[in-house]
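Okay, everyone, thanks for coming.

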Amino acid sequence: MGRIRHDAMDRHGGFEVVVACDTALDPTASVPMVTDPMAVYDYAPDVIVCSVPNMMIPDVVCTALERGKHVFSEKPPGRNSADVRRMMEAEAAAQAAHGGRVLKFGFNHRVHDAIEEAKKLIDAGTMGDLYFMRGVYGKAGGPNYAQNWRNDPALSGGGILIDQGIHMLDLFQMFAGRFTDVQSFVQRKFWTDVPVEDNAFALMKNAQGIVASVHSSATQWQHTFRLELYLRNGFISVDGILSASGSYGTEVLTVALNRLDATGSPIPNPESQELRFTEDRSWDKEIAEFHAAVVEGAALRCGTSQQALDVMELVEAIYAADPEWSTTRQQTPQTATE
Amino acid sequence: MQTPVFLDHLPDIDAVAGQKPAKYRLRRNQALGALLLDPTDPWQERKCCPACGQASDKNPIFSQALMEFRRCSGCNSIYAARTPDQATLDRLRLEQIAATAAEPQGDREFEFTSLLNWISLTEARLERRLDRVLDIRFASQAPAWPDATERLSHNRAWDFLHLEPDSPDFAGLRAAIAQAAPRAILMPAELDRAADPAALLAALKDAAAPGTVIFAASSCADGLEYEILGAESPSFVPLDRLTVFSIKGFETLSARLGLKVLEVSTPGRLDAVILDRYFKSAENRSIPFWSSFFREADKNRLRDLQILLQRSLKSGVLRFILET
């Protein structure tokens, strides 16, 4: 992820990468490298880009903020809402001490072209009120799944839901605000040698009665991203999401406005429009927004700490809403909840 | 620039092969015959492709219904080698409309809804209010259209410029645009019927305020229907196809006139059913791959092909969204 961010900064301009920190030194690196995270401050950076495992994120972010740095951090924002609150406190302290410090989390799905187009269609009012949303986001585990730190709850905070499903939940909250009522089933079916879920199903409702359902899966053998939004006057769907691996396909936005019969009732299967997006510009847009926030003081729209807290609380609510999973989780000794 | 794909039901074959379309073609060809026999009607030679501007002597010529056409080797557009003047064309269309006014017009509600939704969704995507629209002559072509806009297009004011004989530089059209001061212009059925489509587009560009959005539609020479059948296509009625633009040709023309292309699509739905009917009725006709493809095709295969054509910008109708 760090390399992806570095490339995006190079494309944007206005950034000079002065040092990189990794677990091992890369002799081919084009910038100075260190292995001690605290050593990066010897280079007096203005900005810290935090691309580290979940359990390290709060410490790295808080330290950077305490030192008056602007911070761009990957998602998920730590392992749980307590981690986010801790970072928010550091953010507030940095504001008080240094003023104008920026903390942004990399929820890049918000700025994928198809998602932005969907948002425009809804914000224009053309589609009418939002009724419900459905989201499926899944993959087929991954190499060394059992050994991956992402599947150690002490390091990651959870399984596929917090790692990948969190993007879909963040999109739900972008379109509909916070969800208050949550029901869920959280399961471990295939990857039974790890203590985290490989499937999470949730049904949610917000205060306005908008309902959303999500299925986040590590046993979705065909990599899938599908978001559907049903509104009074039609529907929008996004199939596929552009990613570094390309395995989720191109992004296809489908939108349809209903056709009405003589009585004003919708006729089934309206004409739809498909828009295909083939270039992932989300990394560039995130960096551009971060740069504008740091340099010009522009307000962040995506990846704020409040959005991070909201979505992390929703993740926790989904884990907690399945009593069977919740009990199992509490009995798992490795689970760290701060 | 965006390239949306419009997906909808495939129409029934009767929509293209019924009694009404056949009578329409006959009437238009009758009018063309009379025009060709009238020595007083002036015709204008087209010395270059009306789309990309390539010299006509480089473009091969062919005949259809006694008219000569060329296929541009530069941009693939098809165009009449010479055209009657605009006022004559407009007069013939008015006569045609008057002659068929008493006949049932058929239900065009799906087509109307498609046009209205096209504007609504574009407005949302452009994040720009298009609350005043000028319709260019479509209301004359489709008498039920104004009523449809009243029923289905609540957030927009509509002005309708009806078909009237106009000068070669479209002075009447220019005046109507200046008076209506629209934010958007809808012109779904004029480009391929105009004596000089460049003059028509130039009139829109000159008369409309900068930033006006133009929704234009036309037949598309890149469509499989025209690629395979050319002028033999049942939808190739010479007086209605004086210019069949290719996408490249129309883009070139738009750029030359200083119009910005915001969107291009080929939402045509008829290529597959037209070709299906053609190959199943013309048993002697053999084109590698396509003859057997259509003779063995069922409805599902036709639908899959039509969607592929739309996704590949290869169907027989094109839509452009332009900005002045």
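So, A:Cys21 lies in strand S1 of chain A, residues 20-21; strands here are DSSP E runs of at least two residues, helices are H or I runs of at least four, and both are numbered from the N terminus. This is a predicted model, where local features need pLDDT of at least 70, side-chain atom pairs count only at pLDDT 80 or more, and totals for chains, interfaces and linings use all residues. Residues are numbered from 1 along each chain as its sequence is written, with chains lettered from A and ligands numbered from 1 in the order in which they are written.

Is A:Cys21 buried or exposed? A:Cys21 is buried, because 20 other C-beta atoms lie within 10 Å; the cut-off for buried is 20 or more, exposed is 12 or fewer, partly exposed is in between, and C-beta atoms are placed from the backbone. Skipping neighbours within four places in sequence, A:Cys21 touches A:Val34, A:Thr35, A:Pro37 and A:Val40, a contact being C-beta atoms, placed from the backbone, within 7 Å.

Now the sheet. Nine strands form an open, mixed sheet, ordered S7(A)-S8(A)-S9(A)-S6(A)-S10(A)-S11(A)-S12(A)-S15(A)-S1(B); pairing takes at least two DSSP bridges. At the edges, pairing on one side only, are S7 (179-187) of chain A and S1 (5-7) of chain B.

Inside it, S6 (residues 130-140) and S10 (residues 219-231) of chain A pair antiparallel over nine bridges, and A:Tyr137 sits opposite A:Phe225 in S10(A).

Note on methods. Contact = placed C-beta atoms within 7 Å.
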